[in-house]
Amino acid sequence: ILGYASHLDCEKQKSNWEKLLDENNKSSLRMLWNRMSENKECTIPPIECKCCDGDKRKDGGYWNSADRKITICENNLPKEKNWTAFGSILSHELVHAAQSLCFKWNNSDCRTSVCREIQAYSIQFGIPLNTRKNRSEIEKGVLFSSRCACAKEVVPNWDKNKSCDENISGHEDAVARRIKTEFDAPYSSCVHRVGKPSVLAK
């Protein structure tokens, strides 16, 4: 069993992230990153490694639009020799950074969250369109990542003093149904692209 990464391990990989993207054949991310590098209003965000807790305790990483920073959760990062997990997580969060910084797309409603996650997971996994098995993999990721945004629209009497998962407890099926509905509606318009699709235009 390899276990989980130490802070030093994570920091070493952070300093080598460009090579990781290249090794994992993230050409779409390379193009996206180049675009961010050239756009003065679309700045490249800093990347930090830390132990995550609270609602983020189960996450591999996350993008914070307020701080404009990507966090890699080292306590959930497998200590792999080739560090494919680090490159995979980073590619996902880079998509969210681009959605926010390059396309000014920061809505937090359920449908927007689902579409943003479809984009991030499809690029993270490098998944082709119209493949039932691979679409299922994206859906599993979206069910996890969009649970909080969608739960706020279906869970009665949301308690701000409780964590997202505490509020969801007992309402898991209702949250999953809501995510499934939103997943099916915009899937083909959201997958394998970055930015707000016309299907979500208001």
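How many helices and strands does the secondary structure of the protein chain come to?

## Overall make-up

The secondary structure comes to ten helices and three strands, where helices (H or I, at least four residues) and strands (E, at least two) are DSSP runs numbered from the N terminus. From the N terminus on, the elements run α-α-α-β-β-β-α-α-α-α-α-α-α. Of the 202 residues in the protein chain, 45% are buried; buried means under 20% relative accessible area, exposed over 50%, and partly exposed in between, with a 1.4 Å probe and protein chains only.

This is a predicted model, in which local features need pLDDT of at least 70 and side-chain atom pairs count only at pLDDT 80 or more, while totals for chains, interfaces and linings use all residues. Residues are numbered from 1 along each chain as its sequence is written, and side-chain values use heavy atoms, with hydrogens and water left out.

## Nonpolar cores

In soluble globular proteins, nonpolar side chains tend to be buried together. A nonpolar core is here a set of buried Ala, Val, Leu, Ile, Met, Phe, Trp, Tyr and Cys residues joined through side-chain atoms within 4.5 Å. The largest such core has 20 residues, and those with the most contacts inside it are Val114, Ile118, Ile138, Val142 and Phe183. At least two residues of this core come from each of H5, helix H6 (132-145), helix H7 (147-154), helix H8 (164-168), helix H9 (172-184) and helix H10 (187-190). H5 gives the largest share, five residues.

## The largest pocket

The largest pocket holds about 1,200 Å³ of space. Pockets are found on a 1 Å grid over the protein atoms alone: a cavity is a set of points where a 1.4 Å probe fits but cannot get out, and a pocket is an open set with protein on both sides within 12 Å along at least five of seven lines; lining residues have an atom within 4 Å of a point. Grid points are joined across faces, edges and corners, and a volume is the space filled by probe spheres set on the points.

Which residues lie nearest the centre of the largest pocket? Among its 35 lining residues, these are Lys56, Asp59, Tyr62, Glu117 and Ser145. Strand E2 (61-64), helix H4 (84-101), H5, H6 and H7 each supply at least two lining residues, and the largest share, six residues, comes from H4. By class, the lining has twelve nonpolar, 14 polar and nine charged residues; Ala, Val, Leu, Ile, Met, Phe, Trp, Tyr, Cys and Pro count as nonpolar, Asp, Glu, Lys and Arg as charged, and the others, Gly among them, as polar.

## Aromatic rings and charges

A search of the whole structure finds one aromatic pair. Tyr121 and Phe125 form this pair, which is tilted, with 5.5 Å centre to centre and 40° between the planes. Rings of Phe, Tyr and Trp (its six-membered ring) pair if their centres lie within 6.5 Å; planes under 30 degrees apart count as stacked, over 60 as edge-to-face and the rest as tilted. Tyr121 and Phe125 are separated by about one helical turn because they are four residues apart in helix H5 (residues 110-125). Tyr121 is buried, at 10% relative accessible area, whereas Phe125 is partly exposed at 36%.

Two arginines lie over aromatic rings: Arg116 over the face of Trp105, at 5.8 Å from the ring centre, and Arg147, whose charged end is 4.2 Å from the ring centre of Phe144. A charge sits over a ring if NZ of Lys or CZ of Arg is within 6 Å of the ring centre and within 35 degrees of the ring normal.

## Loop residues with positive phi

Arg68 is not a glycine, yet has a positive phi of about 55°. Arg68 is in the loop between E2 and strand E3 (69-73) and is partly exposed, at 42% relative accessibility. Lys104, in the loop between H4 and H5, also has a positive phi, near 50°. Lys104 is partly exposed at 48%.

## Contacts across the sequence

His96 is found in helix H4 and is buried, with a relative accessible area of 6%.

Cys49 belongs to strand E1 (residues 47-50) and is buried at 5% relative accessibility. Cys49 and Lys14 are 35 residues apart in sequence and 7.8 Å apart in space, C-alpha to C-alpha.
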